[in-house]
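Reader: I would like to learn how to read a model of this kind, taking one feature after another. Could we look at it together?

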Amino acid sequence: MSENRCYTDAYLRSITGAVVRVEPAVGDGGASVVLDRTVFYPGGGGQPADAGMLHGTSGETWVVRTARRAGDDIVHELRAGVAPPDVGTPVTAELDWERRYALMRTHTALHTLCGVVWRDYHAPVTGGNMEPGSGRMDFEFESMSGELVGTIEARVNAELAAAHDVRVKILPRDEAFAIPDLIRTKINLLPEGITEVRTIEIVGLDLQADGGTHVANTREVGQIHVTGYESKGRINKRIRLELVAPVA
Ligand SMILES: [Zn+2]
């Protein structure tokens, strides 16, 4: 089982651990490495997995193309054509921080959008996806229209500038299921056996069950542009946004 500190400290850029398992390269892919501890987000909830590097104690480096979850392990996929470190080797896992931080800002921007759309239009979110600096959210939002785009953009930017703190909590299942605000974000879709629910709260605006990495305050997002919306049927609408300054 890999201890993954990204869930409790999104700002931790690197951590030193040891290789506990190596999967040999398959086909054109690279070898994969499981560490006893890491900071790499393995992807999920619309947020892509982290990339970065592993550093050995004698200056060796391995490029991590991406990461993924396998049971309780976090698997780091290395660039093809490179011999992986041996089991037992101490390595420091270091994020591509520019990319990760852009994803944290983007993810928090999307939750701010969800908060505004729920507060002002009572439209629940049904899904979303992002890249560093841009993303989209899908809503059950029958009254969404082209005229609303500018209003929503201005309201999201006002909330970002209002400098709301963003809090991470890990709650027992029963406690989480008793929070009415969480029910509307489809908490009921969480797997049966789950005993804890991680929540992301934009204080005063939004609360969601969420596994991703976020900035600590909405002011870190900066400002956003709503770049468009699409109808995915009469009720389902997709809103796209991007960060005005993609890289801080
Ligand atoms: Zn999220």
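Reader: In what order do the six strands close into a barrel?

Author: This is a predicted model, in which local features need pLDDT of at least 70 and side-chain atom pairs count only at pLDDT 80 or more, while totals for chains, interfaces and linings use all residues. Residues are numbered from 1 along each chain as its sequence is written, and side-chain values use heavy atoms, with hydrogens and water left out. Strands are DSSP runs of E with at least two residues, and helices are runs of H or I with at least four, numbered from the N terminus; two strands pair if DSSP finds at least two bridges between them. Here the barrel order is 2-3-7-6-5-8, with antiparallel pairing.

Reader: Over how many bridges do strand 5 and strand 8 pair?

Author: Strand 5 (residues 52-55) and strand 8 (residues 90-95) are joined over four bridges in the antiparallel sense, and G52 stands opposite L95 in strand 8.

Reader: Which residues are the protein donors of the zinc ion?

Author: Donors are N, O and S atoms within 2.8 Å of the metal (3.2 Å for Na, K and Ca), and sites may look incomplete because water is not among the atoms. In this model they are H107 (NE2), H111 (NE2) and D210 (OD), at 2.0 to 2.1 Å from the zinc ion, and their spacing in sequence is H-x3-H-x98-D.

Reader: Where do H107 and H111 lie, and how far apart in residues?

Author: Both belong to helix 1 (residues 97-121), four residues apart, about one turn of the helix.

Reader: Are H107 and H111 buried or exposed?

Author: Buried means under 20% relative accessible area, exposed over 50%, and partly exposed in between (1.4 Å probe, protein chains only). H107 and H111 are both buried, and helix 1 is mostly covered, with 19 of its 25 residues buried.
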